[in-house]
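Please read them with the sequence and the model side by side.

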Amino acid sequence: MESLKSGTLAGTGSFRCEECGYVVTLASADALPACPGCGGEAFRRASLFGGARFERDAATLMDEEERASWLERARGLADVPGEHLAYEDGDSVVVVPLTKQWTRIGRSLAADVRFDDPTVSRRHALLVRQPDGVRVLDDRSLNGVFVNGERVDWRAVKDGDEIVVGRHRLTFLEIPPVGAAPQLEEASA
């Protein structure tokens, strides 16, 4: 996540000083001040669930070969063509077809994809199917939504993109109809 300097209009939220860890909470029109704890000027967005307790161990992250194998397994579990979300639940892979216009991800009992986890907001994210593709929307979550490692508010997703919600990593899959030729992305000149 990017570092922010004092004087920046950073928006509503909490920001942690990179030098001493002091947390400053801002309203939407406030600029980041110099750190009241140490006078430092570099801040990062703070999370209620920050710290080692909620961070993913580097040993649990997949290398490229493991990820390719996992994606192949997830694609094999998708039993109908169309858009899907795939994620791990313990040792198994769960594949959820996206059949509605809106798919809710969150901790709420009303969520279509539900994670009973304190790092996930009740209404964390929405996947929105539109004529031009699928987009992910951060539904005012506390910890944000990340696509391929970048925090997003509203972003189009494509096949293979990784969406992070709290501690959970979901992969967006587009399964073509049987016999359909794979689409090649056009290179821009």
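Predicted model: local features only at pLDDT ≥ 70, side-chain atom pairs only at ≥ 80, totals over all residues.

1. Serine 108 is placed in the loop between β7 (102–106) and β8 (113–114). Leaving aside residues up to four places away in sequence, serine 108 touches Arg114 and Arg122. The C-alpha atom of serine 108 is also separated by 6.5 Å from that of arginine 123, although the two residues are 15 apart along the chain.

2. Arginine 123 itself forms a salt bridge with aspartate 139, with 3.2 Å between the closest N and O atoms. Arginine 123 lies in the loop between β8 and β9 (125–130), and aspartate 139 in the loop between β10 (133–138) and β11 (145–147), so this pair ties together parts that are 16 residues apart in sequence.

3. Glutamate 18 lies in the loop between β2 (13–17) and β3 (23–26) and arginine 44 in strand β4, so parts that are 26 residues apart in sequence are tied together. Glutamate 18 counts as partly exposed at 39% relative accessibility, and arginine 44 is partly exposed with a relative accessible area of 35%.

4. Aspartate 112 forms a salt bridge with lysine 100, the closest N and O atoms being 2.6 Å apart. This pair links distant parts of the chain, with aspartate 112 in the loop between β7 and β8 and lysine 100 in the loop between β6 (92–97) and β7, 12 residues apart. Aspartate 112 is partly exposed at 35% relative accessibility, as is lysine 100 at 43%.

5. A negative surface patch is formed by Asp63, Glu64, Glu65 and Glu66. Aspartate 63 lies in the loop between β4 (42–45) and α1 (64–77), and is partly exposed, with a relative accessible area of 43%.

6. For the protein as a whole, the secondary structure comes to 1 helix and 15 strands, and buried residues make up 35% of the 189 residues.

Conventions
Residues numbered from 1 in each chain as written. Heavy atoms only, no water. Patch = residues over 30% accessible without salt bridge, like charges linked within 9 Å, V, L, I, M, F, W, Y side chains within 5 Å. Areas by Shrake-Rupley, 256 points an atom, 1.4 Å probe, with all protein chains shown as cover. Salt bridge = Lys/Arg side-chain N within 4 Å of Asp/Glu carboxyl O. Lys, Arg positive; Asp, Glu negative; His and termini not counted. Charge placed at Lys NZ, Arg CZ, Asp CG, Glu CD. Helix = DSSP H or I, 4+ residues; strand = E, 2+ residues; numbered from the N terminus. Buried < 20%, exposed > 50% of the residue type's maximum accessible area, 1.4 Å probe, protein only. Contact = heavy atoms within 4.5 Å.
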